[in-house]
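Please read them with the sequence and the structure open beside you.

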Amino acid sequence: MKHSLINTGDIAQYRDRFNWPVNADGARQTYLCGNSLGLQPRRAVERVQEVLSDWSSLAVEGHFDAKRPWLTYHEQAAPLLARLLGCDASECVTMNTLTINLNLLMISFYRPTEQRYKILIEQDAFPSDRYAVQSQLHLHGHDPANGIVEWTRDDDDYSIDSLAALLDEHDDIALLLLPGVQYLTGEWLDLPAIAALARQHDIPLGLDLAHAVGNVPVNLSMIDADFAVFCTYKYLNGGPGAIGGAWVNQRHHASDLPRLHGWWGNDESTRFLMRDTFEPAAGVDVWQQSNPPILGLAPVIASLEMFDAVGMSALRARSLELTGHLANRLERELADAVQIVTPRDPSRRGAQLSLRLRTDATAAKQVFERLQQADIIGDWREPNIIRVAPAPFYNTLEDTDRLVDVLTAALS
Ligand SMILES: *Cc1c(COP(=O)(O)O)cnc(C)c1O
C-alpha cells in the first residue's frame, strides 16, 4: 500500500475542495450524509467539463484525441482502485452500477445444485441486494421464499460464532453474500473471519462493499473472498448514480465460470476487429459488456485521484478522530435518550453511527425534523433510526459538535 505523508491536520484543507449545499442564507449546511451521497469534489466538475468540451470540439475523434482519450479512459481507474482496495489492478474494474454488478457476478458465482441452492444474507440486508438474491433463486427455478438463509443479529451485532453455527447447521448453502460495513447498523464485519469460514465450508463468498469503500481500509488480497461489488457515490464521492465497481479474485480469472458477454469483455487486441468469436480479456475485464459511460466515469476518476493522494490510512485516522469524538459526546451527554446501535469498538465500525432514539416513532421523527430545520443533513431509517456519518474528507469536529448540540436541544 502506498504511504501517505499527509497527516490528519492536512486533511482539513480538503473541506474547501468540495462544493457544499447551503441554506437559504447562503451558509453551509452541516452535511453528515456522505454515507448516502458524497459531496461534489470541485475536481469532478472540471473533469466533467473537460469531457463535454472534448465531445463538442472533437466528436468521434475524442476516442483518440481527447485530453484523456475515451478509448482507454476506464483504464485510469484500475490502478487507483487497486491501491484503494489492496488488490491487483487486473482484479478490479469500474462498470455498470452496483445492483447490476451484483446480479452479473451472481450469474457466475451462484452455481446451485438440487441439494445445495440457498443463499445466505444478513438480517436487514439492503433491499436491492435481497431482491437480486430472490431473482437469482427464481432464475434457477428455486422458490425465493425458502431459498434464503438469514444471519440474524445477537443484540445489535452480527456474531461470527452464530454465522459458524448457521453454516454447521445448513449443508444446502451455495453462496454467501455479505456486506463490508452493514448499511443500517454501521457495523464493520470481520471479513477475514467470514472468508475463512466460507473456505472451510467450500462456499463462494461475495461481498457488497457499498458502505466500506472509501470509509474503512479494505485489503481484498488479505480477505480472500471470491467477488466483490460496490458503488462509488457514497464515501467515494463519485456523483449521483455514478458508475459502480467490481472485483474478482485472480484465482477465478482463468476459470470457465459462466458469464454474460459483450464486446468490452473481448480482449483489447482484437476487440475492434469485429470478429464473430469472443476472445476473453484477461482478468476481471472479461465481465465488462459495454463501452463505459465517460461522463459517468469522469467524476469517479477525479475523486479516486483524491483518495490516492491522501491515502486511506490518513483518512481512517481522521475518521477515527471525528466519529470517536461524536460517539464520546453522545455517550457522555445523551445516553439516556440516544442509543448508539453501531458497535462501540472503533475497529468494528467506520464513519457512520446509527442512532436509535429511545422514544416512540413519532417523537423520534420529530427530532429528525428538528435536525433538518437546523440544516443538519443525516438520514432517517424507519422506525426510529437516524444515521449520521462524519466523512473524513470534508467534515470537522465542529460539524459533529453542532449535531450533538442541536440533538440536545431537540431532546430536552
Ligand atoms: C447503496 C446500496 C445499494 C444501491 O444499489 P444501486 O444499484 O447503486 O442503486 C445496494 N446495496 C447496498 C448494500 C447499498 O449500500
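1. Ala59 lies in the loop between helix H2 (42-58) and helix H3 (62-65), where helices (H or I, at least four residues) and strands (E, at least two) are DSSP runs numbered from the N terminus. The phi of Ala59 is near 45°, a positive value in a residue other than glycine. With a relative accessible area of 41%, Ala59 is partly exposed; buried means under 20% relative accessible area, exposed over 50%, and partly exposed in between, with a 1.4 Å probe and protein chains only.

2. Before going further, please note that this is a predicted model, in which local features need pLDDT of at least 70 and side-chain atom pairs count only at pLDDT 80 or more, while totals for chains, interfaces and linings use all residues. Residues are numbered from 1 along each chain as its sequence is written, and side-chain values use heavy atoms, with hydrogens and water left out.

3. Two further backbone features deserve a look. Most residues other than glycine have a negative phi, and most peptide bonds are trans. Asp202 has a positive phi, near 60°, and is placed in the loop between helix H8 (191-200) and strand S8 (205-208), where it is exposed, with a relative accessible area of 59%. A cis peptide bond, with omega about 0°, joins Glu382 and Pro383, and Pro383 is found in the loop between strand S14 (379-381) and S15.

4. Which residues are around the ligand? They are Leu98, Thr99, Phe126, Asp129, Asp208, Ala210, His211, Tyr233 and Lys234, a residue being near a molecule or strand if one of its heavy atoms lies within 4 Å of it. This shell divides into four nonpolar, two polar and three charged residues; Ala, Val, Leu, Ile, Met, Phe, Trp, Tyr, Cys and Pro count as nonpolar, Asp, Glu, Lys and Arg as charged, and the others, Gly among them, as polar.

5. A nitrogen atom of the ligand lies 2.6 Å from a polar side-chain atom of Asp129, and a nitrogen atom of the ligand is 3.4 Å from an N or O atom in the side chain of Asp208. A polar side-chain atom of His211 lies 3.2 Å from an oxygen atom of the ligand. Taken alone, the ligand exposes 390 Å², and the protein buries 82% of that, the accessible areas coming from the Shrake-Rupley method with a 1.4 Å probe.

6. For aromatic pairs, the rule is that rings of Phe, Tyr and Trp (its six-membered ring) pair if their centres lie within 6.5 Å, and that planes under 30 degrees apart count as stacked, over 60 as edge-to-face and the rest as tilted. By this rule the count comes to 13 aromatic pairs. One of them is the edge-to-face pair of Trp263 and Phe272, at 5.6 Å centre to centre with 80° between the planes; Trp263 is partly exposed at 36% relative accessibility, and Phe272 is partly exposed at 41%.

7. The rings of Phe307 and Phe393 have their centres 4.9 Å apart and their planes at 90°, so this pair is edge-to-face. Phe307 lies in helix H10 (residues 294-310) and Phe393 in the loop between strand S15 (385-388) and helix H13 (397-411), so the pair ties together parts that are 86 residues apart in sequence.

8. Arg17 lies over the face of Tyr14, at 4.3 Å from the ring centre, and Arg271 lies over the face of Trp264, at 4.4 Å from the ring centre. A charge sits over a ring if NZ of Lys or CZ of Arg is within 6 Å of the ring centre and within 35 degrees of the ring normal.

9. Is Asp172 buried or exposed? Asp172 is buried, with a relative accessible area of 14%, in the loop between helix H7 (160-169) and strand S7 (173-179). A polar contact of 3.2 Å joins the side chains of Asp172 and His170; such a contact is a pair of N or O atoms within 3.5 Å, and within protein one must be able to donate a hydrogen and the other to accept it, while residues adjacent in sequence count only if both atoms are side-chain atoms.
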